[in-house]
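Here are a few notes to go with the structure, written for someone opening it for the first time. Have it on screen while you read.

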Amino acid sequence: MARTFGNFRIALAALAVAGMIPAAALAQRDPAYAAARAAGQVGEKVDGYLGYVVPPPPSLKAVIDELNIKRKAVYAEKAAAAHATVEEYALTSGCLLISQTQPGEKYQGPDGSWQTRTSAPPLRDSRCP
């Protein structure tokens, strides 16, 4: 019972972070990220971070690494407030960020493979709330 309540709190906290860092907002901040996302070079991972679908050039790797560092900082802050671990919070956020992908964008499926979002809902990890 306590674990279910904890997951509920994590889900609520992830809703807040999802609103803070939607993919469209990140894309508006960095044209390199927007181009890479549109080209299918990067995508949302189940663990709440961005991943590389194909090996990135150094300039893109630097952009994505910076975005992931920023995400981790937000996750750490929000996880502490929700009395959750960073990993729990990041996973829940990853589930929500994957659900916000648009058709044509890449995301990590439950088995770790890269999927291309269609008009159908994305495949979701069984741990997603």
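1. The largest cavity holds about 40 Å³ of space, and the structure has one cavity of 30 Å³ or more. Here a cavity is a set of points, on a 1 Å grid over the protein atoms alone, where a 1.4 Å probe fits but cannot get out. Grid points are joined across faces, edges and corners, and the volume is the space filled by probe spheres set on them.

2. A word on the source: this is a predicted model, where local features need pLDDT of at least 70 and side-chain atom pairs count only at pLDDT 80 or more, while totals for chains, interfaces and linings use all residues. Numbering runs from 1 along each chain as its sequence is written, and side-chain values use heavy atoms, with hydrogens and water left out.

3. Which residues line the largest cavity? They are Val46, Cys95, Ile98, Gln108, Leu123, Arg124, Asp125 and Cys128, lining residues being those with an atom within 4 Å of a point. The lining divides into five nonpolar, one polar and two charged residues.

4. On to the charged pairs. Side chains of opposite charge can pair when their charged atoms come close. Taking a salt bridge as a side-chain nitrogen of Lys or Arg within 4 Å of a carboxyl oxygen of Asp or Glu, the count comes to seven. One of them joins Arg37 and Glu105, whose closest N and O atoms are 3.0 Å apart. This pair links distant parts of the chain, 68 residues apart: Arg37 sits in helix α3 (residues 31-38) and Glu105 in the loop between α5 (86-99) and β3 (106-108). Helices (H or I, at least four residues) and strands (E, at least two) are DSSP runs, numbered from the N terminus.

5. Are the two partners buried or exposed? Arg37 is buried because its relative accessible area is 4%, and Glu105 also counts as buried, at 16%. The cut-offs are under 20% relative accessible area for buried, over 50% for exposed and in between for partly exposed (1.4 Å probe, protein chains only).

6. Glu44 and Arg71 form another salt bridge, with the closest N and O atoms 2.8 Å apart. Glu44 lies in strand β1 (residues 42-44) and Arg71 in helix α4, so this pair ties together parts that are 27 residues apart in sequence. Both Glu44 and Arg71 are buried. Arg37, Glu44, Arg71 and Glu105 are linked in a network of salt bridges.

7. Compare Lys70 and Glu66, a salt bridge at 3.1 Å between the closest N and O atoms. They are separated by about one helical turn because they are four residues apart in helix α4. Lys70 is partly exposed at 43% relative accessibility, and Glu66 is partly exposed with a relative accessible area of 43%.

8. Last, the largest nonpolar core: Tyr33, Ala36, Val42, Leu50, Leu60, Val63, Ile64 and Leu67, eight residues. Such a core is a set of buried Ala, Val, Leu, Ile, Met, Phe, Trp, Tyr and Cys residues joined through side-chain atoms within 4.5 Å. Helix α4 gives the largest share, four residues.

Notes: 1 Å grid on protein atoms, 1.4 Å probe; cavity = no way out; pocket = protein on both sides within 12 Å on 5 of 7 lines; lining within 4 Å. Nonpolar A, V, L, I, M, F, W, Y, C, P; charged D, E, K, R; others polar.
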